[in-house]
Amino acid sequence: MHIKSTDITGGPDKDKGTEDGEERGVATKVRPKTKKPSMWRVLLMNDDYTPMEFVVSILMGIFNKTSEEATQIMLNVHQSGVGTCGVYTFEVAETKVAQVMDSAKRAQHPLQCTLEKA
Ligand code: TYC
């Protein structure tokens, strides 16, 4: 009987074949059924009331930016109206949006934060 192994992983298959050249074997690896997650952009909106220092502290505390990066992003949002805080998987992005909205609400600032597909 001639059992041909099927390379379903794309990787090297050292078990394939015998000394007399007969090919036999059984596929033992299963290709993991994974998909790259879609990525989401977290956006910060400008407004006339939220203090610049508060926005910088949000960018450092929630988005792990350095003081310099945070200041740059804040000024970009201040000047252009909107800016990107970061790009994340959906769960991470929506958690960060919720954290920003919660902090802004607690501090009684009108700061708005949303997400969009990257
Ligand atoms: N425009 C605000 C001010 O002049 C600062 C600000 C920056 C507000 C970025 C929100 O997302 C924002 N105090």
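## Close-up views of a predicted protein–ligand model

**Figure 1. Overall order of the chain.** Along its sequence, the protein chain runs in the pattern β-α-α-β-α-β. It contains 3 helices and 3 strands; helices (H or I, at least four residues) and strands (E, at least two) are DSSP runs, numbered from the N terminus. This is a predicted model, in which local features need pLDDT of at least 70 and side-chain atom pairs count only at pLDDT 80 or more, while totals for chains, interfaces and linings use all residues. Residues are numbered from 1 along each chain as its sequence is written, and side-chain values use heavy atoms, with hydrogens and water left out. Of the 118 residues in the protein chain, 25% are buried; buried means under 20% relative accessible area, exposed over 50%, and partly exposed in between (1.4 Å probe, protein chains only). Among contacts between residues at least 6 apart in sequence, 61% join residues at least 24 apart, where contact means heavy atoms within 4.5 Å.

**Figure 2. The shell around the ligand.** The residues that surround the ligand are Leu-44, Met-45, Asn-46, Asp-47, Thr-50, Met-52, Val-55, Met-74, Val-77, His-78 and Leu-111; a residue is near a molecule if one of its heavy atoms lies within 4 Å of it. By type, the shell comprises 7 nonpolar residues, 3 polar and 1 charged. Here Ala, Val, Leu, Ile, Met, Phe, Trp, Tyr, Cys and Pro count as nonpolar, Asp, Glu, Lys and Arg as charged, and the others, Gly among them, as polar. Strand E1 (39-45), helix H1 (52-61) and helix H2 (67-80) each contribute at least two residues to the shell, and H2 gives the most, with 3 residues.

Figure 3. An N or O atom in the side chain of Asn-46 is 2.7 Å from a nitrogen atom of the ligand. His-78 places a polar side-chain atom 2.9 Å from a ligand nitrogen atom, and Thr-50 has a backbone N or O atom 2.9 Å from a nitrogen atom of the ligand. Taken alone, the ligand exposes 350 Å², of which the protein buries 89%; accessible areas come from the Shrake-Rupley method with a 1.4 Å probe.

**Figure 4. The largest nonpolar core.** In soluble globular proteins, nonpolar side chains tend to be buried together. The largest nonpolar core in this model has 22 residues, and those with the most contacts inside it are Val-42, Leu-44, Ile-58, Leu-59, Phe-63, Val-100 and Leu-111. Such a core is a set of buried Ala, Val, Leu, Ile, Met, Phe, Trp, Tyr and Cys residues joined through side-chain atoms within 4.5 Å. Two or more residues of this core come from each of E1, H1, H2, strand E2 (82-89) and helix H3 (90-106); H1 gives the most, with 5 residues. The buried residues of H1 are Phe-54, Val-55, Val-56, Ile-58 and Leu-59, and their cover includes E1, H2, E2 and H3.

**Figure 5. Two loop residues with positive phi.** Asn-64 is found in the loop between H1 and H2. Its phi is near 55°, a positive value in a residue other than glycine, and at 62% relative accessibility Asn-64 counts as exposed. Gln-108 is placed in the loop between H3 and strand E3 (113-117). The phi of Gln-108 is near 60°, also a positive value in a residue other than glycine, and with 73% relative accessibility Gln-108 counts as exposed.

Key:
A polar contact is a pair of N or O atoms within 3.5 Å; within protein, one must be able to donate a hydrogen and the other to accept it, and residues adjacent in sequence count only if both atoms are side-chain atoms.
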